[in-house]
Amino acid sequence: MLEVPQILNLPPKLMPFLTNLGKYRYYLSDGGRGSGKSQAFGRLVLYVCEKRKVRVCCGRETQNSIEESVYRLLVDLIKAYKLNFTILSNKIVHNITGSEIIFRGFREQGVENTKGMEGFDIVWIDEAQTLTKRTIDVVIPTIRKENSVIWFSMNRFIRSDPAYEFCLSRPNCLHIHIDYFENPFCTKELIEEAEICKRLNEADYRHIWLGEPLAQADDFLFNADKVARMKLITSFGDIYAPQRVMGIDFAAKGSDLTVATVLDRVSLTQWQVVAQEAWSEPDSMVSIGKIVDLIGKFKPTSAMLDIGGMGYVVYNRLQELGIRINPFDGAEQQGVPPEYGNKRAWGYYTLKEYIDNEWIIMNSPETEKELEQIRFKYKSNGERMIMSKDEMRKEGIHSPDRADSLMMAVFCIKTCLKDGINYGGAPVRVTRRSFSKF
């Protein structure tokens, strides 16, 4: 048995955070409501501050006032255990060791706040599920004091939470998941509330109380469960017209990729991704040669090319070479149904329809991850829009080049093949293809 002061009465499952203090760079606790994550880290912060002089930052993505931070939690613990701290309006200071606890939002008016971050010994980020990838990429490297540590506590929001993925990719991270029923200090009232939630809505219960990520958050276009299921779908029926489409998302700058996605019809309604090729090449003439080669190799029934930016130059050159390909201008509004703000939104909602109906078979973890990051919004007139690539980059999200390529291939089915049915061709029997991870 480990004897500890009363302030360190932690749930037994979280005791490794205490016994391994200083042995890891990162510490992650995730789980649902009532699991004691914030209480545990708050108690550890105060304990360390009493033992030696440290500078602690309690941060989160945004903080409009100190009341939005863990300030109140720490103040309540200090008062409950009569600890020797001076509580100020904007920070907490230990009266003997001189340890200082400050509170900060990492984003101020859209700009990362990194001032002084290199001087902290402990950075505790509560509600870490709200962190953006850009904030992690910019702020975390500035915390570089020798032996400094970073603690994350969170109730996961979506499967691709940037903080969660960041921590799990680090070998020097101690990760503990905990639920309310593993916390002996969880109150009777919370336990009763959890049981009520479980009876009313199993999905809500699993997210709120068990800390499971949502399959689909409010402004994310795709349901993660349905995206993950694509690789498990099997085609049904073997009478259909053989057809093939190709969607090409063209890029000629930065780290963006040009991606070509090829889909084959495998049933009357279903299509299978049989190839996806990506390359990074700033010279558009090289990409033109690559596209000509791919079209000659795969011989699609119909193909579609992104003509935004330099894509229009590529499209014109392909026309000069006699290559039949359909243009896709994501910003175009003409001919777009009134509920969509532009053709890109229309294309992505078409892709959503195909995925929701299990009409797409695909095994590509990279594309799945990009699809899970696609978010939508509404214009003031009610039209639906998809977050632009530039907006995603500002959030630190990589350009969804593979997802865009898949979207254009499906949009090609929808708009160039009469909803995917070749009315002029006679149905034939075709052997099903197996597919593999690419």
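Biologist: What sits just after helix 3 with a positive phi?
Modeller: Lys 82, with a phi of about 55 degrees. Helices here are DSSP runs of H or I with at least four residues, strands are runs of E with at least two, and both are numbered from the N terminus. This is a predicted model, where local features need pLDDT of at least 70, side-chain atom pairs count only at pLDDT 80 or more, and totals for chains, interfaces and linings use all residues. Residues are numbered from 1 along each chain as its sequence is written, and side-chain values use heavy atoms, with hydrogens and water left out.

Biologist: Which residues of helix 3 are buried?
Modeller: Tyr 71, Leu 73, Leu 74, Val 75, Leu 77 and Ile 78. Buried means under 20% relative accessible area, exposed over 50%, and partly exposed in between, with a 1.4 Å probe and protein chains only.

Biologist: What do they pack against?
Modeller: The buried residues of helix 3 pack against helix 2 and against strands 2, 3, 4, 5 and 8. Contact means heavy atoms within 4.5 Å.

Biologist: Do strands 8 and 9 run parallel or antiparallel?
Modeller: Parallel, over 4 bridges, with strand 8 at residues 122-125 and strand 9 at 149-154. Ile 125 stands opposite Phe 152.

Biologist: How many bridges between strands 3 and 4?
Modeller: 3, in the antiparallel sense. A hairpin through 3 residues joins the two strands, and Phe 85 has His 94 as its bridge partner.

Biologist: What about strand 4 to strand 5?
Modeller: Antiparallel, with 3 bridges, and Val 93 is bridged to Glu 100. There are 5 residues between them in the hairpin, and Gly 98 in the turn has a positive phi of about 80 degrees.

Biologist: Which side chains in strand 4 are on the covered face?
Modeller: Ile 92 and His 94; Lys 91 and Val 93 are on the uncovered one.

Biologist: Switching topic. Why does Glu 372 count as buried?
Modeller: Because its relative accessibility is 14%. Glu 372 is in helix 12, residues 365-372. Leaving aside neighbours within four places in sequence, Glu 372 contacts Arg 159, Ser 160, Phe 220 and Ala 224.

Biologist: What lines the second largest cavity?
Modeller: Cys 58, Gly 59, Arg 60, Ser 69, Val 70, Trp 124 and Asp 126. A cavity is a set of points on a 1 Å grid over the protein atoms alone where a 1.4 Å probe fits but cannot get out, and lining residues have an atom within 4 Å of a point. Strand 2 gives the largest share of that lining, 3 residues.

Note on methods. Two strands pair if DSSP finds at least two bridges between them. On a 1 Å grid over the protein atoms alone, a cavity is a set of points where a 1.4 Å probe fits but cannot get out, and a pocket is an open set with protein on both sides within 12 Å along at least five of seven lines; lining residues have an atom within 4 Å of a point.
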